[in-house]
Amino acid sequence: MTYIAKPKFHHPGLKKNELGYTHRDYEGKISTLCAGCGHDSITASIIEACYELSIEPHRVAKISGIGCSSKTPDYFLGNSHGFNTVHGRMPSVLTGANLANRDLIYLGVSGDGDSASIGFGQFAHSIRRGVNMTYIVENNGVYGLTKGQFSATADRGSKSKKGVTNTDNAIDLVAIALQLGATFVARSFSGDKTQLVPLIAAAIGHKGASFIDVISPCIAFNNHAGSTKSFDYVREHNDAVNRLDVLVGRDPIAVDYAPGTVQVVEQHDGSKIALRKIDADYDPHDRLGAQTFLARHAAKGQIVTGLLYVDPDAEDLHAHLDTVETPLNTLEADTLCPGSAALDKFNASLR
Amino acid sequence: MKPTDIAAPDYFHKVVDCQWACPAHTPVPEYIRLIAQGRYSDAYMINWKSNVFPGILGRTCDRPCEPACRRGRVEETPVAICRLKRVAADFKDDITLRLPRPSAKNGKRVAFVGGGPASLTVARDLAPLGYHCTVFDGDPQAGGMMRTQIPKFRLPNSVIDEETGYILNLGVDFKGGHRIESMKALLAEKYDAIFVGSGAPRGRELDIPGRKEAAANVHIGIDWLSSVSFGHTDKIGKRVIVLGGGNTAMDCCRTARRLGGEEVKVVVRSGFEEMKASPWEKEDALHEDIPILNFLVPVAFVHDNGKLTGITFQKVKAEYDSKGRRNLVPSGEPDQTIECDDVLVAVGQENAFPWIEQDCGIEFDKWHMPKVDPKTFVSTNPKVFFGGDAAFGPKNIIWAVAQGHDAALSIHKLLSGEDITERPLPEVHVSSQKMGIHEWSYDNDISNDKRYKVPHRDKVIALKDIRTEVELGYDVKLALGEAERCLNCDVQTVFSTSLCIECDACVDICPMDCITFTENGEEADLRQHLKAPSLHPDQDLYVSSDLKTGRVMVKDEDVCLHCGLCAERCPTGAWDMQKYLIEMTHAGSACPTKSRSAA
C-alpha cells in the first residue's frame, strides 16, 4: 500500500474541460488496492470519462457494496456523493436514492462477488426495473479480499492460483443483463482504456439501466496461466465487436471514417455515440441477436467486448412510475401537503 | 525511436537538470539530501570535492543550476540550491581531517599566475598528487577577484580565508605580492607546467566627452571595489551614479550606499529585464533604495571646471530587426542630465596580457585573447595552460572552478606522459533505493512548500557597516524546509521491459502524466501522442524496447517528480528507483574506461 499522498502537482500543460477542471480534479484518495490491480485502471477510466463529459462532481452519486471493487469509489470523484452499502445491497440503495432525487448521475460500482453472488437478486431487480444508472461490475472472477476463491463469474474449467480447477458453471452477467432488459449493455477490459472510457461516457449519457461488465485481472490471485481473467488470456481472447467515440458538448461532430462503417447513435442528453464496426454483422440494436452472438462466442472461449446492445429510446423507472420530476428534498411543504381540499378531491376520485 | 540507452552516462545526468547545468557538475540532490539529514559536513565535502569553494559559492554563485531546476517547471520557483550550499558550509563541523594531506613531492613543479579561483582549483587538484605548486599573485593574500571585487557585506573575509586556506595548507607555495611581469622570465625558470589564471583584471573605459576633465570623480568599478576592499577608499560623494547593468554594477552601487552615498542610482543602456545582473542581485539593490534607470545611454560627463556635476544621457528605445536582434535607437526625447558627485563605471571587464611576450610560443587571436583549447585548456605552448576569466573572458567563479579541474587533469596527464586530449568518463554509482514493498531509502513524499526566503539583516544596520554581511543564511529549520523541496532528480525511474505486464498502474498513478504506452514512432510523432503535451523538446523521452502487445513505454522526463509512485504501484518491479550518483573525474582519480557499466 502506498503511504504517501499523491503529489498535488500536475503537468503544467494539462488540458482543462469546459468547467475548467483537469482530469486530476476528478481523482479521489490514493488507492489502497494491490499494486497493478485492474480496478485502478477502471478508476482511471471513470475519472477520464467524467472529465471528458465535464461533469460537475457534485452531480454524481457513487454507490457501492463490499469488496475490492466496492472500495474503489474512494479513489475517484473525491468531491462527489458516495454511499458504501452493505454487501450486495448497492442496487437497492441506488434505486432508493434515484427515486428520491432523479437529478443526480448514479454510478453503481460493484464486483463479481457483490453482484453475482450475495447481491445477485438485487442486481437482477435494479436492471429489470430500468433504474437510470450506470452499473459497473469490476469482474475479476475471484474473491480477492478473502485470498482468491473462485467467484460466481469464474469460468468452468479455469484454474485457481493454487491449481484447483473450477467445476461450477459461470454466471455471465452480460447475458443476464440482456435477458433482464437492460437498455445499454457493454463489456470491456480494464487494460483497454481506449475502449472502456467512451463506453463509460456513453453509459452515463444513457437514460435507463446501463450495465458494463469490465474484466479486471486480479494481479494477486487471478493473473496466472490457467486463469481466464488474466491480462494475457483476455488480450488473446478479446473479440471486440465495435469501438466507439462519444461526441459531446461544443465540439462539432467530425467523424472521418469510411461511410458505412460508422453508426451514430443519439442519446437522450444530446450526446452522440459514433460506433465503428469491427464485426460487420453485429447489430447493437438487436437484443436477441446479441444474446445469440454472445452465447456462440462464449462457447468458443472468446470474450466479446464493445457496446453489445443499446436502445436509444429507452425509458427509465421514473417514467414507468410517473413520479414527480422535482427531487424530494426540494419539494416545498405546500406541494407535499396540498391541504384538505386536495385530499378531499383525491378521496372523491377513489369513491 | 530506438530504445533509450540508459547505460550512456549522459542520459541520466541530463535528467539531473541542476547537475547537468552546473559547469562543475556538482551532485546537487545528493548534498541536499545530506543537508536534510543534518549531515552538513558530508554535504560540504561533496561540494568541496566538486566546486572547491562551497562557502564562497554558497554566497556568490551565479547559480546556473537554479534556472535549470526541475522544480521551476513544476511550480513557480526552483529550489534555493545556492543558499543550501551555504548551509552546508555554515553548519559543518571541523572538516580539516577529511582533507587530503600534503603528499611527498613527485619532483614536478607547476607555476600559477594569479591566485584566484581557477588557479586555486588547479592547485587543489595537483598538490595532493605530489606536484610542487607555486602560486604568484600581485595581492598579498590568495583569492583573486573573490577577495578584491566581491564586497565584504556579501562575502566576509573569514570565509575566503578558510576556503583558500584549505588549499594553501595542502603544501601549496603562495607568493603574495609577487606580480608576474614577464612570461618569458617565468618560462625561463623551467617549471614543468604553467597555469595562467590571472582573470580579466581591466575594467572597461567609457570614453565620452568630459572623461578626462572630470577624472577625479570618475572611477572604474572593479578598481574602485578592490580599493574599497583593501581599505584604501572609505568614502564617496552623496550623489552617485553607477553606469552598467552587470553584477559588478550591483556591487558598486551597494558599496556606495555604505560609504556615504545617499542618492545612489544605477543607470543602464538596456531595458531593466535585459540587464546582465542576476535577478536576485538587482532585487538586493532595489531593496537598498537604489533605483535602476533604464534605456539611458551616457553621452557626456558634465563638469564645472574639472569638478564633476553630472552625466548627460540620451534616451533610447529598443527596436527589433527581422532577425529578432535588438537595437537601441534614440527615442527622440530630449537628453536628460542627472546630477551627481561621483560616477562608478562598471560597463564590463577585459583581459589584459601585457606581460606575455610575443615570442613565448603563446598565440593570440584577433580579439587579443590567447588561443586556448576549450577541452584541455592548453595554449599553443604545450606547457602553458589557461583557465577562468583569463581563458575565455569574464564569467563566474563556478566556471573558473570547472575549467580549473579540466586544466589540472590536462597538466597531470601531460606530466604523466599521457595524451591530454583523452578525457575520462564520469564515475557513476548506481544503487536501487528499494527498502521494502513501498519503502525507499530517499524521502519520496513531495513537499508542496514554496521557496523559503533567506533572512536578511535589518537594512538600517546592514547599511551602516560595509563589513556586515547582509544575508544571514538559512537556519536549520528553514534549511530543512527548503531541502525538502528538492525533487531528488538523481533517483531515476529505471524501466525493465521484460518485467512489464502492461497493467497501466504506472500510467494511472503518475501525478504528472509522464508515462504513455503507445505504438512506437519517430520522436516528433511520439511527442504528439503523449498522455500530457510535450512542453520542452529539449527534455529527453525515455523509450523502452517493444512490449508484449507491440507497444512501447514512453516516459517524458520533463516534469517527473521522482516520487517513485510508478515503482510503488508496479506489481512486477518493472519500475525501480535507482540513484545515479554521477561525479566528474578529476586529476588523479582512477580513470573509468568506456567498458565500465553504468546500469
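Modeller: Let's start with the open sheet of chain A, where 8 strands follow the order S2-S1-S3-S4-S8-S7-S13-S9 and the pairing is mixed. Strands here are DSSP runs of E with at least two residues, helices are runs of H or I with at least four, and both are numbered from the N terminus. Two strands pair if DSSP finds at least two bridges between them. What you see is a predicted model, in which local features need pLDDT of at least 70, side-chain atom pairs count only at pLDDT 80 or more, and totals for chains, interfaces and linings use all residues. As for the names, residues are numbered from 1 along each chain as its sequence is written, while chains are lettered from A and ligands numbered from 1 in the order in which they are written.

At the edges of the sheet stand strand S2 (81–84) and strand S9 (238–240) of chain A; each has a single partner strand, so one side of each is left without a neighbour in the sheet. Neighbouring strands are turned by 20° against each other on average, direction ignored. Axes, by the way, are lines fitted to C-alpha atoms, for helices over the stretch in contact, and angles run from 0 to 180 degrees between N-to-C directions.

Now zoom in on one pair. Strand S3 (residues 105–111) of chain A runs parallel to strand S4 (residues 133–139) of chain A, and 5 bridges join them. Look for A:Ser110, which stands opposite A:Val137 in S4(A).

A helix lies across this sheet too. Helix H7 (residues 193–205) of chain A lies across S3, S4, strand S7 (184–189), strand S8 (209–215), S9 and strand S13 (303–310) of chain A, and runs at about 160° to S7(A). For contacts, the rule is that two residues touch if their C-beta atoms, placed from the backbone, lie within 7 Å.

Chain A also has a hairpin to find. Strand S11 (residues 262–266) and strand S12 (residues 272–277) of chain A run antiparallel, joined by 5 bridges. A:Val264 has A:Ala274 in S12(A) as its bridge partner. Between S11(A) and S12(A) there are 5 residues, and A:Gly270 in the turn has a positive phi of about 90°.

Next, two helices of chain A. The axes of helix H3 (residues 90–100) and helix H5 (residues 120–129) of chain A come within 7 Å and cross at roughly 35°. On the H3(A) side the contact has A:Pro91, A:Ser92, A:Leu94 and A:Thr95, and these meet A:Gln122, A:Phe123, A:His125, A:Ser126 and A:Arg129 in H5(A). By class, this contact of H3(A) with H5(A) has 3 nonpolar, 5 polar and 1 charged residues. Here Ala, Val, Leu, Ile, Met, Phe, Trp, Tyr, Cys and Pro count as nonpolar, Asp, Glu, Lys and Arg as charged, and the others, Gly among them, as polar.

In total, 24 residues of chain A are in contact with 29 residues of chain B. Helix H1 (38–52) and helix H8 (231–237) of chain A are the elements that give two or more residues to the side of chain A that touches chain B. The largest share of that side, 3 residues, comes from H1(A). By class, the side of chain A that touches chain B has 12 nonpolar, 7 polar and 5 charged residues.

Chain B has an open sheet as well, with 5 strands in the order S3-S2-S1-S4-S16 and parallel pairing. Its edge strands are strand S3 (173–175) and strand S16 (384–386) of chain B, each pairing on one side only. The twist from one strand to the next averages 20°. Strand S2 (residues 132–136) of chain B pairs with S3(B) in the parallel sense over 3 bridges, and B:Val135 has B:Phe174 in S3(B) as its bridge partner. Helix H17 (residues 397–415) of chain B lies across strand S1 (109–113), strand S4 (193–196) and S16 of chain B, running at about 170° to S4(B).
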